[in-house]
Amino acid sequence: MLLQSERGSWRGGLRHRSHCSSPKIASPDSVTPVVRSISSTSSETESGSDDESFSVVTREGAKKEVACDSKVVYEFGGPVGVTALMFGFPILMSYMFICLALHQGRLPNPLELEFWQHGISAITPTARATAIYLMFNLFQYITAATLPGIKVLGLPVPSLGGKQLEYLCNGVATWYFDLVLVAVLHNTGVFPITAVVDEIGPIMSVAMIWAIVVTIATYIVGCVSGRTHRMSGSVPYDIFMGAVLNPRIGNVDLKMWSEIRIPWKILFFISLSAAVKDHEINVARRLEAGLSPEIWSLFGGLIHMNAIQTSAPLLFMLLAHCLYVNACMKGEECIPTTWDIFYEKWGYMLIFWNLAGVPFSYCYSTLYLLNRSVANDPVQHTRFFMTVLFVILLAAYYVWDTANSQKNRFRMQQRGTYVERHTFPQLPWGTIKNPTFVQTKHGNKLLTGGWWGVARKIHYTADLIMALSWGLVTGFDSYIPYFYVTFFTVVLIHRVGRDHIHCKEKYGADFDEYCRQVPYIFIPFIF
Ligand code: NDP
């Protein structure tokens, strides 16, 4: 499909300006609106089936896009709030990690000096940890820049005069390449995957330091090069929210790269590392107890292999993280048009959270389970409980995956950027045929069919259920594995509020009509 790099911008709404590299904001009044069909559909709100494949942004819609993109809004408590967050996140993560590593997941008083004196060695960076983390980043950059993939265009960028940037979406190729390479490195003994959990505390600290270095460097480069965007004038706030919108090195968009290639892959490899480590510990214990290794005979005796000795809860976490990372890779072409890529700048919020926060705090369940196994006190559940958890995880994943793809594909079809993909797995009902929608004066259509007719943020609900299952699989002895679902709930509630304001501003009365047609946010008939 499509994808010449210099395609038209503000599809249908603003004229082609793809050679404009000036960071100036386009004046919406100076552009020629509307190419086709919009005059008949944009002036009134309507519902119906989508019998035309493209929608267009109207003059009014384009004006709103520009206004929204350039308006500074203080979030997270403004400069004071973000300063607290910037100091708070690394301290909180260090605290939680020490609790997991040295206190069996209990929460001792963090104000006691002794806590830190004992704990600091568990998170002190080492040369090996530095090499592992930075080599992984470098490797991810090289594969992102070089492996084959499809090219897609992002949304028209208001500050670039509506230019659409091109993104090389080769996530699937890099993901499979990673898996093969990790298997080879592990099996040849060059880099046993268990080294990840062996060095996990120091790696986490390296990641946090690296994230802070990247944040400051990006801010300085942005200011010095004059490529800043939507600056508030408050230094801490601008460091937190970022100074530049679309930082790139070569053909790699650093913001999208850091959002997709780093956090979820590391998260998965932490779980893989923990699962392999757990297997090795259990095999060693069996041998110590004088038992011979259990052998599985597969395919009528054709294949014999050592039985997997990893506990069911750790296999659950491995599957959960595998599903998440795989979803990010297989649907990567949907990412360039998301809010984070289109609107957010690359500052501490995204950099720290993607390079350090997500991988090293969303993994608490995995680390907790492994620590319990190392302490010879593994978390165990009945077969029934584990079966229920697996069913919940897979069902929530199905809703989450298909809801995201329904909306993203619907939007891509409107813009004419839809690419039919065969990445694994393509789930039934991932694309809706003849969906219903609310046509807005802005030009965009708001989907009311498929999952999007059930609740406005059904994909958040599904994501939260998955997050909860990551906690439940660890039992109830420690709060730390539930940190993710707690934090994520706060994040998603904030996002719901922010998105509501954003959509109300952008779509006005049409958004009210959409809310009337789809009245529930998370759970139909309840909330
Ligand atoms: P959404 O996918 O809800 O995107 C919101 C935007 O989608 C809106 O601003 C609007 O954009 C558009 N939109 C909203 N409703 C409709 C509709 N009915 N029809 C068409 N377009 C619509 O939010 P996120 O980007 O926050 O989340 C994407 C996924 O990522 C979610 O599944 C979420 O759970 C997950 N996520 C996971 C995180 C994690 O740490 N695990 C963190 C954040 C998100 P427009 O202006 O174009 O109309």
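In this predicted model, ring pairs join F76, F89, F240, Y348, F352, W353, Y364, F483 and F487 into a cluster. Rings of Phe, Tyr and Trp (its six-membered ring) are paired if their centres lie within 6.5 Å. The structure holds 34 aromatic pairs. Residues are numbered from 1 along each chain as its sequence is written. The model is predicted, with local features requiring pLDDT of at least 70 and side-chain atom pairs pLDDT 80 or more, while totals for chains, interfaces and linings use all residues, and side-chain values use heavy atoms, without hydrogens and water.

Two rings also carry a charge over them, a term that requires NZ of Lys or CZ of Arg within 6 Å of the ring centre and within 35 degrees of the ring normal. R230 lies over the face of Y343, at 3.7 Å from the ring centre. The charged end of K445 is placed over the ring of F437, 5.2 Å from its centre.

The ligand is surrounded by 24 residues, of which R411, D463, R495, D499 and Y507 are the closest; a residue is near the ligand if one of its heavy atoms lies within 4 Å of it. This shell comprises 13 nonpolar, 3 polar and 8 charged residues. In this division, Ala, Val, Leu, Ile, Met, Phe, Trp, Tyr, Cys and Pro count as nonpolar, Asp, Glu, Lys and Arg as charged, and the others, Gly among them, as polar. At least two residues of the shell come from each of α16 (383-415), β9 (445-447), α17 (458-472) and α18 (483-507). Helices (H or I, at least four residues) and strands (E, at least two) are DSSP runs, numbered from the N terminus. The greatest contribution is that of α18, with 8 residues.

Polar contacts, defined as pairs of N or O atoms within 3.5 Å, involve several side chains. A polar side-chain atom of R495 is 2.6 Å from an oxygen atom of the ligand. For W400, the distance from an N or O atom in the side chain to a ligand oxygen atom is 2.8 Å, and for H459 it is 2.9 Å. Taken alone, the ligand exposes 910 Å², of which the protein buries 87%; accessible areas come from the Shrake-Rupley method with a 1.4 Å probe.

The peptide bond from F424 to P425 is cis, with omega near -10°, and P425 lies in the loop between α16 and β8 (436-439). N376, which is not a glycine, has a positive phi of about 60°.

Note on methods:
Phe/Tyr/Trp six-rings, centres within 6.5 Å; stacked < 30°, edge-to-face > 60°. Polar contact = N/O pair within 3.5 Å; in protein donor to acceptor, adjacent residues only side chain to side chain.
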